[in-house]
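Keep the sequence and the structure in view while reading.

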Amino acid sequence: MAESPTPIDPTDLPEAITRYLTGRAAKDASAAAPAFAPHATVTDDGHTYEGVEAITRWLGQTDTEYSYTTTITGAERDAPDRYTVHQHLEGNFPGGKVDLSCRFVLAQGLISELGIAP
């Protein structure tokens, strides 16, 4: 039986998730990339990126492609190694505003999977 998500304060998120979110907010791919396990996967906007090298390229691309601000609107602990962070983005991307859910899976203290979806 699956656990129910438990709302948590975003300041209580695991260090790897906080490192990723801080790096993303600063548009600093080199700060965000170390949060990922070597064979991690990221799924965003219909594309999947596998491995730190591909993830680092994705981070750099999304950091330079659009200007945007991010506001964390909530966070949940879904299971011992799974967290969801809800964000509101505003910027010069198509549509201009979007609410996203970032679903993280951790392994050995690093992000092993990240799925980003509206």
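Q: Are tyrosine 20 and phenylalanine 104 buried or exposed?
A: This is a predicted model: local features need pLDDT of at least 70, side-chain atom pairs count only at pLDDT 80 or more, and totals for chains, interfaces and linings use all residues. Residues are numbered from 1 along each chain as its sequence is written, and side-chain values use heavy atoms, with hydrogens and water left out. Buried means under 20% relative accessible area, exposed over 50%, and partly exposed in between (1.4 Å probe, protein chains only). By that scale, tyrosine 20 and phenylalanine 104 are both buried.

Q: How many aromatic pairs are there?
A: Rings of Phe, Tyr and Trp (its six-membered ring) pair if their centres lie within 6.5 Å; planes under 30 degrees apart count as stacked, over 60 as edge-to-face and the rest as tilted. By this rule the number of aromatic pairs is four.

Q: What is the geometry of the pair of tyrosine 20 and phenylalanine 104?
A: The ring centres of tyrosine 20 and phenylalanine 104 are 5.6 Å apart. Their planes stand at 70 degrees, so the pair is edge-to-face.

Q: How many residues apart in sequence are the parts that tyrosine 20 and phenylalanine 104 tie together?
A: Helices (H or I, at least four residues) and strands (E, at least two) are DSSP runs, numbered from the N terminus. Tyrosine 20 lies in helix H1 (residues 15–25) and phenylalanine 104 in strand E6 (residues 97–107). The pair therefore ties together parts whose separation in sequence is 84 residues.

Q: Is tyrosine 66 buried, partly exposed or exposed?
A: Tyrosine 66 pairs with phenylalanine 93, with centres 6.4 Å apart and planes at 80 degrees, so this pair is edge-to-face. Phenylalanine 93 is buried, at a relative accessible area of 13%. Tyrosine 66 has 29% relative accessibility, so its class is partly exposed.

Q: Over which ring does the charged end of arginine 24 sit?
A: A charge sits over a ring if NZ of Lys or CZ of Arg is within 6 Å of the ring centre and within 35 degrees of the ring normal. For arginine 24 the distance to the centre is 4.9 Å, and the ring belongs to tryptophan 58.

Q: What volume does the largest pocket have?
A: On a 1 Å grid over the protein atoms alone, a pocket is an open set of points where a 1.4 Å probe fits, with protein on both sides within 12 Å along at least five of seven lines; lining residues have an atom within 4 Å of a point. Grid points are joined across faces, edges and corners, and a volume is the space filled by probe spheres set on the points. Here 26 residues line the largest pocket, with Arg24 among those nearest its centre. Its volume is about 690 Å³.

Q: In E7, which residue is the bridge partner of valine 105?
A: E6 and E7 run antiparallel, joined by seven bridges. Valine 105 is also the bridge partner in E6 of arginine 82. In E7, valine 105 is partnered by glutamate 113.

Technical notes:
Pairing = 2+ DSSP bridges.
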